[in-house]
Amino acid sequence: MDAAFDHWPSPPPEGWTADDLDHLSEGPDGEPGFFELIDGALVFAAPQTRFHQRVLADLATGLKLRAPGHIAVVTRMDVKLGHRTRLCPDIMAIDAKAADDDDRTFYAPGEAHLAVEVVSPESEDRDRKTKPSRYAEAGIAHFWRVENSGGSPVVHVHELDPATHAYALTGIHHDRLTVPVPFPITIDLGDLPR
């Protein structure tokens, strides 16, 4: 058994590290494993709602179709923000060159242009507060938060303010998402399949 599991589910004495996540694809007794790491603490993901799964898949497809050649769109891939913090945005737009490496398990913040979180009931605080501030501190230029409004997606678009190193809200999109950055995108949100 891997040394990372010696203290399962408690952390090792020095705490979990971002690199430990490469060895925690599942728990020692075969528990399904989807973890994020925030300040050395493992965060276990709850099951996804149909809204979350549907919007994630369809928005990722829409972004992939519109991304220029130097940008790739990935889903459920980690971004390593530090020695003890490794998050997994629902969607990221990254450098295409970084996406060419099929052995990668995470990307560096400098390789990411956009992080997208689809808010779930169990992750509201993380998706609205914790994760955006961490993405901004790491220098990821664009962040979108997708909320469920009566079964329809509403996209809150944020851009990094270089003076404050915090995100500024640049728009709330209900029916149609139209933005010029990180690349020109127009997606009819009402047309996402149900």
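Visitor: Why is the pair Arg128 and Glu147 called a salt bridge?

Guide: In this predicted model, the closest N and O atoms of Arg128 and Glu147 are 2.9 Å apart. The rule asks for a side-chain nitrogen of Lys or Arg within 4 Å of a carboxyl oxygen of Asp or Glu, so the pair qualifies.

Visitor: How do you know whether Glu147 is buried or exposed?

Guide: Glu147 has 12% relative accessibility. Buried means under 20%, so Glu147 counts as buried. Arg128 has a relative accessible area of 38%. That value lies between 20% and 50%, so Arg128 is partly exposed.

Visitor: Which residues are linked with Arg128 and Glu147 in a network of salt bridges?

Guide: Glu124 and Arg145 belong to that network, along with Arg128 and Glu147.

Visitor: What makes Asp188 and Arg176 a salt bridge?

Guide: Their side chains meet at 2.7 Å, N to O. The cut-off is 4 Å, so the pair counts. Asp188 lies in strand β13 and Arg176 in strand β12, so parts 12 residues apart in sequence are tied together. Asp188, at 31% relative accessibility, is partly exposed, and so is Arg176, at 48%.

Visitor: Where in the chain are Lys131 and Glu36, which form a salt bridge?

Guide: Lys131 is in helix α3 and Glu36 in strand β1, 95 residues apart. Their closest N and O atoms are 2.7 Å apart, and both residues are buried. By the salt-bridge rule the count comes to 14.

Visitor: What makes β3 and β11 edge strands of the sheet?

Guide: The open sheet has 6 strands in the order β3-β6-β8-β9-β10-β11, with mixed pairing. β3 and β11 each have a single partner strand, so one side of each is left without a neighbour in the sheet.

Visitor: Why do β3 and β6 count as paired?

Guide: DSSP must find at least two bridges between strands; β3 and β6 have 5, in the antiparallel sense, so they pair. Val74 stands opposite Met92 in β6. β10 and β11, also antiparallel, are joined by 7 bridges.

Visitor: Which residues touch the most other members of the largest nonpolar core?

Guide: Leu63, Ile91 and Trp144 do, in a core of 25 residues. α1 gives the most to this core, with 6 residues. Among the residues that Leu63 touches are Val73, Leu114 and Phe183.

Conventions: Residues are numbered from 1 along each chain as its sequence is written. This is a predicted model: local features need pLDDT of at least 70, side-chain atom pairs count only at pLDDT 80 or more; totals for chains, interfaces and linings use all residues. Side-chain values use heavy atoms; hydrogens and water are left out. A nonpolar core is a set of buried Ala, Val, Leu, Ile, Met, Phe, Trp, Tyr and Cys residues joined through side-chain atoms within 4.5 Å. Buried means under 20% relative accessible area, exposed over 50%, partly exposed in between (1.4 Å probe, protein chains only). Helices (H or I, at least four residues) and strands (E, at least two) are DSSP runs, numbered from the N terminus. Contact means heavy atoms within 4.5 Å. Lists of a residue's contacts leave out its neighbours within four places in sequence.
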